Amino acid sequence: MSSPAVSVPLHQLHESPNSRSIDVNGWFITTTTNPISNASECDLLQASLGIPLPEMTFGNNNLTLEHRPSGWKYSFSTKDALSAVKKGELGDGDGGVKVDYADAWLKSRSSNYNVMPKTVATKPYDWTYTTTYPGHTETDSTIPIAELTRPDPILFYAEIPLFEDELHDNGSSGLLIRIRVMPTCIFILSRFTLRVDNVLFRVFDTRIYHSFESEPSMAPYNAIKDRLPKRDDLTPLTDPNFIAKALADTSQYSQTQGARTGWRSLGKQLEYSTLTA
């Protein structure tokens, strides 16, 4: 039997019905995954946020990291992620999106005001739930992909969904956090993925990397559709990983002009923190 590529550090795993934790190299990391919030929890969260909630809201899910020697903490939570959704009328830079048939629907009815449906005033908000939430507290240096793809043992892995919505059958919107702890590092990927059918794809990633030893994109719908392995099989368009890779491959325009919605969050931003005992 071949030995692991690196030695495994001392660590402890803790597990309960709805949470898992790892204590390793001065870090204490906890993931909490619960069922979809119940009616009373949703009512409280909606009242706090002031916008309708996504169809599937995991209000009690979170990821927390604590570097005990320095006291530095970082966390991801559903409430804070949804707090970053735009409230009020969308303006320049907010990247507002309309469904594919919106203009045709309005044109077909505006020719005769008598057939326009009666409407009830509601508080406006970004119905796609686009959020640029990066977690609370932040890394410049290139993430060493070779280290992440090396076949080191995975000491701890978790996926934490924060919310998901099918946008009234016009696509999908969701935020998923993944964390992987290996003998040499911690890697976190927080990925918001938006698909509005026949209009656009939008991805906002937050990647956090920490070594024990030592970007958002957007593109027109057809630009991603053209990269399908089989033109008649649209299944990959529902896969956030396929969308993210396709956006990365078209970064020369997906991170500059995108789908021309004027979204201010196009591009990349790097930040770093130095932790001391």
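Where is Leu63 found? Select Leu63 and you land in strand S5, which covers residues 62-67. Keep in mind as you go that this is a predicted model.

**Stop 1**

Leave Leu63 highlighted. Is this residue buried or exposed? Leu63 has a relative accessibility of 0%, so it counts as buried; the cut-off for that label is under 20%. Leu63 and Ile29 are 34 residues apart along the chain, and their C-alpha atoms are separated by 7.5 Å.

**Stop 2: step back for the whole view**

Zoom out and switch to a cartoon. You are looking at seven helices and 11 strands. The protein has 277 residues, and 41% of them count as buried.

**Stop 3: the aromatic rings**

Hide the surface again and select Trp27, Trp72, Tyr74, Phe76 and Tyr133. These residues make up one aromatic cluster. Across the whole structure, a search turns up seven aromatic pairs. One of them is Tyr74 with Phe76, a tilted pair with 5.5 Å from centre to centre and 55° between the planes. Why is it called tilted rather than stacked or edge-to-face? Planes under 30 degrees apart would count as stacked and over 60 as edge-to-face, so the 55° of this pair falls into the tilted class. Both partners are tucked away from the surface: Tyr74 is buried at a relative accessible area of 2%, and Phe76 is buried at 0%.

**Stop 4: salt bridges between strands**

How many salt bridges does a search of the whole structure find? The count is five. Start with Arg178 and Glu159, whose closest N and O atoms are 3.2 Å apart. This pair links distant parts of the chain, since Arg178 sits in strand S8 and Glu159 in strand S7, 19 residues apart. Arg178 counts as partly exposed at 22% relative accessibility, and Glu159 is partly exposed too, at 38%.

Next, select Asp205 and Arg191. Their side chains meet in a salt bridge, 2.8 Å from N to O. Asp205 belongs to strand S10 (residues 200-211) and Arg191 to strand S9 (residues 185-196), so this bridge ties together parts that are 14 residues apart in sequence. Both Asp205 and Arg191 are buried.

Now pick Asp197 and Arg195, another salt bridge, at 2.9 Å from N to O. Here Asp197 is partly exposed at 24% relative accessibility, whereas Arg195 is buried, with a relative accessible area of 12%.

**Stop 5: a patch of negative charge**

For the last stop, bring the surface back and colour it by charge. Which residues gather in a patch of negative charge there? Look for Glu55, Glu164, Glu166 and Asp169. Click on Asp169 to see where this residue belongs: the loop between strand S7 (156-165) and strand S8 (171-182). Asp169 has 67% relative accessibility, so it counts as exposed; that label needs over 50%.

Methods. Residues are numbered from 1 along each chain as its sequence is written. This is a predicted model: local features need pLDDT of at least 70, side-chain atom pairs count only at pLDDT 80 or more; totals for chains, interfaces and linings use all residues. Side-chain values use heavy atoms; hydrogens and water are left out. Rings of Phe, Tyr and Trp (its six-membered ring) pair if their centres lie within 6.5 Å; planes under 30 degrees apart count as stacked, over 60 as edge-to-face and the rest as tilted. Buried means under 20% relative accessible area, exposed over 50%, partly exposed in between (1.4 Å probe, protein chains only). Helices (H or I, at least four residues) and strands (E, at least two) are DSSP runs, numbered from the N terminus. Patches are made of residues with over 30% relative accessible area and no salt bridge: like charges are joined within 9 Å, nonpolar side chains (Val, Leu, Ile, Met, Phe, Trp, Tyr) within 5 Å. Accessible areas come from the Shrake-Rupley method with a 1.4 Å probe; for residues, only the protein chains shown count as cover. A salt bridge is a side-chain nitrogen of Lys or Arg within 4 Å of a carboxyl oxygen of Asp or Glu. Lys and Arg count as positive and Asp and Glu as negative; His and the chain ends are not counted. The place of a charge is taken as NZ of Lys, CZ of Arg, CG of Asp or CD of Glu.
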